[in-house]
Amino acid sequence: MSLPFIPRVATALPRTEPAPAPDAAAARILSARLQQAGQARLGRSLALFHLDTGGCHGCVLELTLLNSAVHAIERLGLTFVDTPRHADVLLVSGAVTRTLAPALVRTLDAMPAPSWVVAIGDCAANGGLFRASPAILGGAEAAVPVDLIVPGCPPRPAEILAGLLTLLAAHSR
Amino acid sequence: MTIPPLLLATTVIRAAPALPCQPWPRHLLDGDAWRAMVDAMPAEPSLALIGLWADAAHIHALFLDDRTLQPLAASVAVEAGRYLALSPVRPGAILFERVITDLWGHEGVHAADLRPWLDHGYWPAHQPMAPCPVPAGGGPPPPPEMLPAADPALLQVPVGPVHGVITAPAHWRVTADRETITRLETRLGYTHRGLPLLVRGLTPRAAAPLAARLHGGATVAHATAFARSVEAALDVGIPPRAQTLRAIMAELERMAGHLLTLAATCAAAGDPLAPPRFHWQRHAVLEACDRAFGHRLMMDWIVPGGLAANPSATGLAALETLTDRLAAILPDLARLLDRPGLTARLRGVGVTPPGLIQALGAGGPAGRAAGRPTDARHIPGASPPVSAPIPVRSEGDADARLRQMLFEIEGSVALVRSWLQTLPVTDVLAPVPGLSGEGFGTAESAQGDVWHWVRLAAGEIVEWFPRDPAWLRWPLLEAAAHGATLDDLPVIAASLDPVCAGIDL
C-alpha cells in the first residue's frame with residue numbers, strides 16, 4: 001500500500017525496524033539485578049579528550065600507544081572522544097605555553113560538568129625542564145585546575161592507565 | 001635564454017675566509033659574496049638548504065652538496081637589522097626566515113613571506129633571542145594572519161590548534177573547492193618552549209636533557225647530533241662502545257618511529273587489520289628499549305662525551321631477542337601492505353613533487369620515497385659507517401613512503417643484530433673539557449636528517465641551533481595536500497608525520 005501524499009521513492013527506501021515493546025517481567029528482574037550490582041560495577045566509564053600544550057611530543061607518542069589494541073582501554077570503560085563537548089576528562093600533556101594557554105582554557109570550558117583534568121607527565125605537572133622559559137606559563141595548573149597528576153618523562157602507557165583507572169574508581173564511588 | 005652565472009654558489013662560499021668550526025668550516029661571506037651566492041643558487045639545485053639561523057650579528061646557512069654529501073656552511077653579517085633573504089631561490093628558507101625575524105629581529109630583504117611564525121603575540125617580549133628584546137604591548141593579540149581564499153566561492157575550514165585526535169597542536173587552514181583541496185596552509189608556534197634561550201649559559205652536559213627533549217620522537221637523533229656538535233667543537237673522541245651503542249639506539253628509534261607512522265597511516269586509510277599489528281610491534285620495540293635502557297624512548301642516555309651509563313648484559317640480551325622476533329615477523333608485516341583494498345587507498349595519494357623534494361632538501365623516508373637519496377648515516381665521517389647503498393623509490397606517494405619505511409626497518413634490524421654481535425668492550429664516557437669552540441653534528445632520525453650547531457665559550461653554550469626534519473615536512477605536507485580530496489588529507493598527514501615540537505623550538 002502506498003500513501004497518496006508521500007512520493008513513491010521515499011516509501012521504497014529501507015526503514016529501520018520498529019522497536020518491540022519491552023518485556024515488563026524481564027525489565028523488573030533486570031532492574032533488580034542492576035540495583036544489586038550498583039553504580040560501582042556498571043556506571044564506570046570516562047570519555048577522554050587529549051590536548052598537548054607544549055611538550056616534546058614524547059607523551060603524545062605514549063598516549064597514541066595507550067589508545068591502540070595493545071591496551072584496548074575501551075574494555076575498561078575508557079574512550080577517547082574527538083570533541084571536548086563529549087568529554088569527562090581532559091588529558092593535558094606538555095608544559096603550558098603562553099600561546100596555547102587560551103586554547104586550553106577554552107577547551108575545558110567546552111566540556112560539560114562535572115569534568116576532570118589529568119596532567120600527563122612532568123611538563124604538565126609543573127612545567128618540567130621548560131618551566132624557566134619566558135614562553136612557558138608553567139604546568140597545567142597555571143591555566144586550569146588539575147585533579148590528578150601522572151608523573152614521568154614521559155610516563156609509560158601502563159602508568160597513565162593506572163592513573164585513569166584510579167580516577168575511574170573514585171568517580172564510581 | 002638565461003646566461004649561466006660565472007661562478008657556482010659552492011665556489012663563492014668556498015672562496016670566502018673559513019672560520020674555525022668543526023668538522024666543517026664556516027665561511028664568512030661579505031655582503032657582495034652573499035649576494036653572488038644567492039644569485040648563483042638557482043643554477044645549482046644540488047646544493048640543498050639544510051638550515052638557516054642567526055645570532056646577534058650574523059645569519060648562518062648550512063647547505064648539503066647532494067653530489068658529494070659534503071656539508072657547507074656560510075655566514076653573512078646583518079647590516080642595520082637586514083640581510084638578503086634566501087627564500088626567493090630556496091622555498092625551504094621561508095619558515096627559517098620567519099623564525100629569524102621572530103626570535104632575533106633580523107629582517108630578510110626580498111623574503112617571500114614576512115608574517116610571524118613562532119610569535120603569536122603572547123610572549124612577554126618580542127625577539128627574545130636578540131640582545132635587547134622588545135617588551136610586548138598590552139591587549140589581546142590579533143588572531144593569526146592566514147592567506148585569504150582566492151575566490152569567495154571557496155570553502156575555508158580552520159582546524160586546530162585543538163584537534164579531535166591525539167596529535168601535536170598546529171593550526172590548519174584548508175581551502176577547498178567542494179571536495180578538492182586548493183590550498184593547505186599551516187601555522188605553528190603553539191609549542192614554542194624557547195629551548196635555544198634556555199640552553200644559553202649551560203654546560204653541554206646540563207643542556208643535553210633539553211636537546212633530548214626538542215622532539216621526543218627523535219630524542220636519540222637529537223641527543224646524538226647535539227653531542228656530536230659539542231664533541232666536534234671541543235675535539236673530544238668518544239669510546240668505541242658508546243659510538244656503537246648510540247648507533248644501535250638510533251636504529252631502535254627508527255624502528256619505533258616507522259612502525260608508528262605505518263600504524264597511523266593505515267588507520268587513517270580506514271584499514272582495520274594493519275594498525276594493531278604495527279602497534280604491537282612498536283610496543284615490543286619500546287618494551288625492549290625499556291629493558292635495555294630503563295626508558296622506552298631512551299632519553300638521557302646520550303650525553304656529550306659518550307653515554308651516561310653502560311647498559312647491562314641482560315638488557316642487551318632483550319634487544320637481541322627483539323631483533324630475532326622482528327626479523328621473523330617482518331615478511332608478514334610486508335604482506336599487510338600488499339592487500340588491494342589498502343593499496344588502492346594509498347597509491348597516488350599525497351604525491352610529493354620531485355622538484356619540490358629537491359628544492360626543499362627534504363630527506364628521510366619521505367625524500368627517499370621520492371628520489372632524493374640523502375641519509376645522514378652516509379655523510380662522510382659518520383661513525384660507525386653504514387655501507388649499504390641507500391634504497392630509493394620514485395613514486396613519492398603514501399604507498400611508497402610506507403614501503404620505504406618497512407624496508408628501512410628491515411635494514412635497521414640487520415644493523416642492530418650485527419652491531420650487537422661486534423659490540424666493543426670499552427668505557428662509554430670520555431671527559432668533556434670546559435673549552436671554547438664551534439661545531440656541527442648530525443644524525444639520521446626516523447623522520448630524516450637532524451643537524452645541530454653549537455658555539456661554546458669557556459665550557460658554556462653561547463648559541464645553539466637544532467634543525468629537525470619537520471622544518472621541511474610541513475611545507476612538504478602543504479604541497480602534497482594540494483589537489484587532494486578532503487578524505488585523503490588524514491592519510492597524507494599521517495604518512496608524512498609532521499610534528500610540531502622539533503620545529504617550534
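This is a predicted model: local features need pLDDT of at least 70, side-chain atom pairs count only at pLDDT 80 or more; totals for chains, interfaces and linings use all residues.
Residues are numbered from 1 along each chain as its sequence is written, chains are lettered from A in the order in which they are written, and side-chain values use heavy atoms, with hydrogens and water left out.

I looked at Asp271(B) next: its partner is Arg339(B), with the closest N and O atoms 2.6 Å apart. Asp271(B) sits in the loop between α7 and α8 of chain B and Arg339(B) in the loop between α9 and α10, so the pair ties together parts 68 residues apart in sequence. (Helices are DSSP runs of H or I, at least four residues, and strands are runs of E, at least two.) Asp271(B) counts as buried at 10% relative accessibility, and Arg339(B) is partly exposed at 23%; buried means under 20% relative accessible area, exposed over 50%, partly exposed in between (1.4 Å probe, protein chains only).

Then I checked Arg368(B), which forms a salt bridge with Glu444(B) at 3.0 Å. Helix α12 holds Arg368(B) and strand β15 holds Glu444(B), 76 residues apart. Both residues are buried, and both belong to a salt-bridge network that includes Glu251(B) and Arg254(B).

Last, I turned to chains A and B: I count 2 salt bridges between them. Arg156(A) and Asp290(B) meet in a salt bridge at 2.7 Å, N to O.

Note on methods: A salt bridge is a side-chain nitrogen of Lys or Arg within 4 Å of a carboxyl oxygen of Asp or Glu.
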